[in-house]
Amino acid sequence: MSEIQFQNDIHLLTEVLPPKIRRHIQEGSLDDAIEIVLDIGRIPEVRIGNGKIVYLGNDTVVSDDINFVVEKIPEFTSDNRSGIAGTLHRISAIRNRQGKIIGLTMRIGRVITGTIACIKDFVMQNKSILFLGRPGVGKTTKLREISRLVADELGKRVVVVDTSNEIAGDGDVAHPAIGKARRMQVSQPEFQKDVMIEAVENHTPEVIVVDEIGTELEAQAARTIAERGVMLIATAHGNTLENIIKNPSMSDLVGGVSSVTLGDEEAKHRGCQKTVLEREKQPTFDIVIEIIDRNTLAVYKNTAEAVDYILRGWPITPEIRKVDENYDDKINKKPENPIISKVNELDSRAQSPLNFSFNRQKYVDDVKNHKKIYIYAVSRSIVDKIIERLDINAEIVRNVEDADFVIAHKNFAKGGTKILSVANEYRLPVYFVRTNSMSQIQKVLKDALHLTQEQVYQPKCTGFMDETELALDEAKAAIAKVMEGAENVELEPQPQNIRKLQHEFVEAHNLCSKSEGEGHSRHLRIFRGKD
């Protein structure tokens, strides 16, 4: 959209303002504005994107000013919204208890191009995409540009279900910003779900675009559309994927959540309680994109996998895309076997006379030293955090036969446990932790991987827990055991200054502690009452 048309659109908005307010608007003063606010008894405001507020003159708004605007625009719908035909501007009303309009929010609609260039490769995969983000970060802008891209460049049949006329503007003629996409207006917000189904049944779309899915019925309508093989592009009320998962009325968009009781073996394998939350079905949307700010997007390329990881407490990192960066290579490049791709990449690095970054010996050493860990009745989330923070070359595997060693809870150290017999069959060393605490698991990992103190505390691991934190963490776990009924719990030996902190920590929880042992073996024993 040209700058000239943009300026004309702004002119159409300012024309409906009373002259006494309009004369304070200078050329270019609305370039970064988000909205104009008129409230009776207050000075008119222009709200800028950076949070700044500019006042238009010194005169307060009166009823005649509000009426002047209302007479120049179409009637407000049941959701108190109106607009200006042929533009993307939206005007919303605030009413008093008698229904009289006492305030107006005039939101400035803009056509901004290039906001989806960084995610164009996802849009062209013919997968359903859900956008999340706080108000004002550009969700609707991206829907508008995707509608034009899919309709014009990909030649697909696109129907925009435009509940508030924000995507394609007010009036009977859709705004040119959506290209050849067709637009279906919604008479009242509560009918959005019905119009979504009607669009599929009556107009044979290949793609449906919906703004602001916010109710359980709308989420069910979205699932119905997806199950009919129609690509769905939508936004939803929620800032992050976790918000959607925790929202009972919206969780169906990402597969739904149900409570499941695990068997004893599976619960021990996961190191969790027997009752857990699990994804109920396939997500309606294949890809979820969180809009962090206008320039930054976090992409979950596999919604099902992301939801499973979040529900189980496993760490997952979305792919970060920047609007101002070029991703043409991802868009134009055809899918390739990842193993072949890696081999080709290594070969090209090794053969290129201009590239000396590939160290063949280091690559061989990394593969050789990569450790696979099987855990049993041990918290996976804690092990993952330790691996990440310690930056060690290891991973957790699901099958014991794939592992290099096993970490299990000490409660299962006695003979007869299935995991011990399987580990013995595969000649795997087994390391035991006394508690599911950060300090215990870290200590066992250091022993299993034969890490020295220098290897653990190097500059790249500055975020890892120091000895004091680990000692207090161990004391915290011991306090919990005593409170649960244990007679006493002994801690690992510590220097005097750390034992002093542990004593104070125990005292704060109304328990007793005593230092025992001599020299390097001196340690705390925590107990309840007098000893």
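Me: Where is the place of Asn 80?

Reply: Asn 80 sits in the loop between α3 (63-72) and β4 (81-83). Helices and strands here are DSSP runs numbered from the N terminus (H or I, at least four residues, for a helix; E, at least two, for a strand). The structure is a predicted model, in which local features need pLDDT of at least 70 and side-chain atom pairs count only at pLDDT 80 or more, while totals for chains, interfaces and linings use all residues. Residues are numbered from 1 along each chain as its sequence is written, and side-chain values use heavy atoms, with hydrogens and water left out.

Me: Why is Asn 80 called partly exposed?

Reply: Its relative accessible area is 24%. Buried means under 20%, exposed means over 50%, and partly exposed is in between (1.4 Å probe, protein chains only). Asn 80, at 24%, is therefore partly exposed.

Me: What is the phi of Asn 80?

Reply: Asn 80 has a positive phi of about 60°, although it is not a glycine. Most residues other than glycine have a negative phi.

Me: Which class does Thr 204 belong to, buried or exposed?

Reply: The relative accessibility of Thr 204 is 51%, so it counts as exposed. Thr 204 lies in the loop between α6 and β10. Thr 204 is not a glycine either, and its phi is positive, at about 40°.

Me: What makes Glu 35 and Arg 47 a salt bridge?

Reply: A salt bridge needs a side-chain nitrogen of Lys or Arg within 4 Å of a carboxyl oxygen of Asp or Glu. For Glu 35 and Arg 47 the N to O distance is 3.2 Å, and the two side chains meet in a salt bridge. The pair links distant parts of the chain, with Glu 35 in strand β1 (residues 33-39) and Arg 47 in strand β2 (residues 45-48), 12 residues apart. Glu 35 counts as buried because its relative accessibility is 15%, whereas Arg 47, at 33%, counts as partly exposed.

Me: How do you know that Lys 193 forms a salt bridge with Asp 194?

Reply: Their closest N and O atoms are 3.8 Å apart, and the pair counts as a salt bridge. Lys 193 is partly exposed, at 21%, and Asp 194 is partly exposed as well, at 42%.

Me: What is the N to O distance for Asp 252 and Arg 223?

Reply: The distance is 3.1 Å, and the two side chains meet in a salt bridge. Asp 252 is in the loop between α8 (241-246) and β12 (257-261), and Arg 223 is in helix α7 (residues 216-227), 29 residues away. Asp 252 is buried at 14%, and Arg 223 is buried at 11%.

Me: How many salt bridges does this rule give?

Reply: The count comes to 24 salt bridges. Asp 121, Lys 301, Glu 319 and Arg 321 are linked in a network of them.

Me: How many disulfides does the search of the whole structure find?

Reply: A disulfide is a pair of cysteine sulfur atoms within 2.5 Å, and the search finds zero. As for individual cysteines, Cys 118 is buried at 0%, and Cys 512 counts as partly exposed at 28%.

Me: What span does α7 reach, and what is expected?

Reply: The expected span is 1.5 Å times one less than the number of residues in the helix. With 12 residues, α7 reaches 17 Å from its first C-alpha to its last, close to the expected 16 Å. Just after α7, Gly 229 takes a positive phi of about 85°.

Me: Which residues of α7 are buried?

Reply: They are Glu 218, Ala 219, Ala 221, Ala 222, Arg 223 and Ile 225. Their cover includes α6 (192-203), β10 (207-213) and β11 (231-236), where contact means heavy atoms within 4.5 Å.

Me: How many residues are in the protein chain, and what share is buried?

Reply: The chain has 531 residues, and buried residues make up 45% of them. The protein chain holds 19 helices and 23 strands. Among contacts between residues at least 6 apart in sequence, 58% join residues at least 24 apart.
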